[in-house]
Amino acid sequence: MSSVDFQQTIPRSLVHRAAVSEVFVTDLHILGEGRFEVGAQWPRRHSFFGPRTPVSHDPMLYAETIRQAALLIAHRAYGVPLSHSFLSDYKSYDIDETGLATGGWPVDVVLRVTAHEVEFRGKHVGGMRLDFECFRGGRRIGTASEGWRCVTSAVYRRVRGDHFAATPFQAAVLPAVTPASVGRDRVEDVLVAATPTDGTWALRFDPDHAVLFDHPVDHAPGMLLIEGARQAALLAIGDPYALPGCVDFRFDQYVEFDSECVLVVDADPAGPGRNRFVRVEVRQKGATVASGTLGMHLS
């Protein structure tokens with residue numbers, strides 16, 4: 001039986017959020033060397049993360065919870081300074097549809113986390129892999145893994161060079177596809193624009209988006225790229241309410257705001273079942289900067 005608490009969220013700075021309302025994690029217990037439990041609560045409804053259908057939470061809510069839990073563990077358990085910059089190498093998750101069921105109340109979940117391949121740079125942790133199990137009502141509903149690195153602000157400034165002060169307002173304003181075609185109600189939540197090439201969409205976004213750009217960033221965040229890939233996958237399979245029940249994504253380079261970024265999609269042929277696998281490459285300046293596979297549960 002878990003003893004994590006769900007009474008209040010943890011300080012927003014520990015998960016790199018500006019708005020308290022965007023914090024989902026509530027507690028951290030250090031169980032032993034490299035072993036943790038994290039409490040989190042999913043809201044009944046969320047302005048961006050769903051639910052996408054009346055009966056199911058958005059799996060991206062789970063992905064965001066994993067992101068926040070990783071940052072919380074880094075800062076609280078390993079003492080990574082808040083001034084350090086984090087770089088995500090990969091993120092994967094798999095969650096049961098039944099575990100995403102909505103109800104008339106918020107959902108409490110417990111993450112059991114183990115740390116592996118912990119690296120040090122000087123006296124501070126410089127990176128690791130975290131593996132997750134997600135429990136709801138005592139039943140395991142999902143797994144996940146995330147690899148990340150972090151560097152000091154001085155190193156990050158050197159690495160980013162001329163892009164250190166970049167902002168999302170540098171991006172070109174692109175016309176969105178119809179919101180309903182990607183299961184959305186608002187145009188500002190649409191992250192894809194049509195291109196002349198079949199199976200290819202351009203990444204777009206609203207730099208004033210209250211969730212995607214909750215705090216200043218100098219490159220496209222990983223969650224934005226995964227959501228953009230999800231929306232491109234929805235268009236490829238023609239099902240605006242399909243759910244990405246499993247995702248495996250790698251981030252190879254920074255995605256900059258001042259150059260066009262496209263999502264190239266390759267969907268498996270439709271079969272007799274309710275699942276479609278879609279591969280997405282994120283390309284910028286002719287190079288693949290991120291890529292992943294999404295397992296879509298058809299609606």
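Visitor: Why does His16 count as partly exposed, rather than as buried or exposed?

Guide: Let me say at the start that this is a predicted model. The relative accessibility of His16 is 21%, and since buried means under 20% and exposed means over 50%, with partly exposed in between, His16 counts as partly exposed. The residue is found in the segment before β1, and its phi is near 55 degrees, a positive value in a residue other than glycine.

Visitor: Why is Glu117 called exposed?

Guide: Because exposed means over 50% relative accessible area and Glu117 has a relative accessibility of 55%, Glu117 counts as exposed.

Visitor: And what class does Gly104 fall into, and why?

Guide: Gly104 has a relative accessibility of 46%, which lies between the cut-offs of 20% and 50%, so Gly104 counts as partly exposed.

Visitor: Why is Ala193 given the label buried?

Guide: Buried means under 20%, and Ala193, at 2% relative accessibility, therefore counts as buried. Ala193 lies in strand β7, and once its neighbours within four places in sequence are left aside, Ala193 is in contact with Leu174, Pro175, Val177, Trp201, Ala202 and Arg204. Arg274, by contrast, is 81 residues away from Ala193 in sequence and 27 Å away in space, taken C-alpha to C-alpha.

Visitor: What makes β1 and β7 the edge strands?

Guide: The sheet is an open one of 12 strands with antiparallel pairing, in the order β1-β2-β4-β5-β6-β3-β9-β12-β11-β10-β8-β7. Strands β1 (25-32) and β7 (192-194) each pair on one side only, and they are the edge strands. Neighbouring strands of this sheet are turned by 25 degrees against each other on average, with direction ignored.

Visitor: How do you know that β9 and β12 pair?

Guide: Two strands pair if at least two bridges are found between them, and eight bridges join β9 (residues 243-251) to β12 (residues 287-297), the two running antiparallel. Along this pairing, Phe251 stands opposite Ala290 in β12, while Pro244 has Met296 of β12 opposite.

Visitor: How many bridges join β11 to β12, and what lies between those strands?

Guide: β11 (residues 275-284) is joined to β12 by 10 bridges, in the antiparallel sense, and Glu281 stands opposite Ser291 in β12. The two strands form a hairpin with two residues between them, and Lys285 in the turn has a positive phi of about 55 degrees.

Visitor: What can be said of the largest pocket, and which residues are closest to its centre?

Guide: The largest pocket has a volume of about 1,100 Å³. Of the 45 residues that line this pocket, the closest to its centre are Phe86, Leu87, His219, Pro221 and Gly222. The elements that give two or more residues to the lining are α1, β3, β6, α2 (153-160), α3 (222-237) and β12, and the largest share, six residues, comes from β3. By class, the lining of the largest pocket has 24 nonpolar, 11 polar and 10 charged residues.

How values were computed:
Residues are numbered from 1 along each chain as its sequence is written. This is a predicted model: local features need pLDDT of at least 70, side-chain atom pairs count only at pLDDT 80 or more; totals for chains, interfaces and linings use all residues. Side-chain values use heavy atoms; hydrogens and water are left out. Helices (H or I, at least four residues) and strands (E, at least two) are DSSP runs, numbered from the N terminus. Axes are lines fitted to C-alpha atoms, for helices over the stretch in contact, and angles run from 0 to 180 degrees between N-to-C directions. On a 1 Å grid over the protein atoms alone, a cavity is a set of points where a 1.4 Å probe fits but cannot get out, and a pocket is an open set with protein on both sides within 12 Å along at least five of seven lines; lining residues have an atom within 4 Å of a point. Grid points are joined across faces, edges and corners, and a volume is the space filled by probe spheres set on the points. Ala, Val, Leu, Ile, Met, Phe, Trp, Tyr, Cys and Pro count as nonpolar, Asp, Glu, Lys and Arg as charged, and the others, Gly among them, as polar. Buried means under 20% relative accessible area, exposed over 50%, partly exposed in between (1.4 Å probe, protein chains only). Contact means heavy atoms within 4.5 Å.
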